[in-house]
Every structure is written in C-alpha cells, then in structure tokens.
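Subject: Structure handover

Hi,

I am passing a structure on to you. Please open it first, then read my notes below.

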Amino acid sequence: DSLVVRAARIIALTKSAFGSMSRKGPFGHINVQYRNSKNPEKKPPKVCNERNIRMMSQILQNAIMINGSYEECLQYLPEDLRHAFVYMDPPYYGQETTNEYGVRPFTEADQRKLAEIFGDLSSRGAYVAASNSADPFIEKTYGPHSKFIFPVTDQNLLAARYGNGNTKREEFFITSYAPF
C-alpha cells in the first residue's frame with residue numbers, strides 16, 4: 001500500500017478506537033479497544049477532517065518523526081541544538097501499564113537515565129519538555145535538570161478513555177525553559 005493509504009488507515013484506526021488509543025501488544029500486533037458508547041444516539045467520531053490533515057501535512061514537511069526508542073531518536077538530533085525542540089513521553093512512572101505497549105518495563109534506572117539526557121540536551125541548547133507521573137520520585141529525578149515542573153490534572157482525557165467523568169489523573173509537565 002502507498003504511504004497515503006497507510007496513513008489514512010492509522011488515522012481511521014485511532015479515531016475509531018476507544019479513547020483514540022491504539023498500541024502494539026507484546027507480539028507486535030495492534031491491540032485496540034473499540035468504542036462502545038452507552039448512548040446509541042451519540043454520533044460516531046468524524047474520522048477525517050480534511051482541513052486539519054492538510055494543515056498538519058504542511059507543518060510536518062520538515063519534521064523528522066521516528067518510531068523508536070529514545071536512544072534511536074537521539075542520533076537524529078542536529079549537532080547545533082539551539083533551535084531543536086525535544087518532547088519526551090516515556091512510560092509513566094509507577095503505572096503498571098508499561099507491558100500494554102509491548103515494551104519491557106521502564107525502570108527507575110531508565111527514568112534516571114532519561115532525566116540525565118533531558119539535562120544534557122538542555123545544557124546543549126535544546127528546548128526540552130517531558131510528561132510523566134506526578135510522583136515525588138519524578139520531581140526529585142527531573143528537578144536538577146529542569147526549570148519548571150507543572151502539576152497537571154487531566155480529567156477530560158480519562159473521561160473520554162474510561163467513560164468516568166469523576167476520574168482524575170495527576171501528571172507533571174516538565175520543561176527546560178521558561179514557557180511564559
């Protein structure tokens with residue numbers, strides 16, 4: 001299939017999946033929960049918004065997107081990091097769902113190593129941001145390498161994903177730069 005057809009399938013898959021979430025299981029197969037609304041009158045999600053897809057196509061013309069480990073991604077960074085933005089979204093600390101994504105457990109040692117890389121990239125001039133669990137371990141681990149650690153409560157994402165508007169998840173958004 002062409003890249004366009006493959007991209008269209010991924011968009012349809014994620015838009016149709018429960019909570020817009022798809023992942024690979026331990027054997028590399030796509031593991032997707034389907035949307036099962038208790039309200040049959042509710043309209044299905046719009047799978048394709050042509051205007052947004054065209055805008056994103058223009059924005060991403062010069063972007064490099066890598067589907068791989070952070071170690072693989074680091075080799076694609078330019079020598080001069082003064083104009084680079086790096087976003088890190090590791091498996092969240094303390095969550096038992098790491099295996100749902102078909103990867104080995106992400107240990108405390110892995111979290112420490114990633115925080116050190118966060119600090120190294122920042123010291124070399126990159127704008128670095130990360131998200132992770134709102135946990136004292138993460139605050140302590142990233143604290144020396146960051147300028148800001150924002151606590152964020154994400155209720156809407158969980159309501160969409162789990163259908164429970166009373167569920168909240170606390171997380172940190174961590175930056176190496178002053179965002180304001």
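This is a predicted model. I began with S146. Leaving aside neighbours within four places in sequence, S146 is in contact with F118, I174 and T175. S146 is found in the loop between α5 (136–142) and β5 (148–154). Is S146 buried or exposed? Its relative accessibility is 17%. Buried means under 20%, so S146 counts as buried.

Next, the largest nonpolar core. This core has 20 residues. Which of them touch the most other members? They are M88, F118, L121, V128, I138, Y142 and I174. At least two residues each come from β3 (85–88), α4 (108–123), β4 (127–133), α5 and β6 (169–175). The largest share, five residues, is supplied by α4. As general background, nonpolar side chains tend to be buried together in soluble globular proteins.

Setting aside neighbours within four places in sequence, M88 is in contact with L114, I117, F118, L121, V128, A129, A130 and S131.

Last, confidence. The mean pLDDT of the protein chain is 77, and 66% of its residues reach 70 or more. Over residues 158–162, the pLDDT is below 50. That stretch still has 14 contacts in the model beyond near neighbours in sequence. Where pLDDT is low, the predicted coordinates should not be read in detail.

Best wishes

Key. Residues numbered from 1 in each chain as written. Predicted model: local features only at pLDDT ≥ 70, side-chain atom pairs only at ≥ 80, totals over all residues. Heavy atoms only, no water. Helix = DSSP H or I, 4+ residues; strand = E, 2+ residues; numbered from the N terminus. Buried < 20%, exposed > 50% of the residue type's maximum accessible area, 1.4 Å probe, protein only. Contact = heavy atoms within 4.5 Å. pLDDT = per-residue confidence, 0-100. Core = buried A, V, L, I, M, F, W, Y, C linked by side-chain atoms within 4.5 Å.
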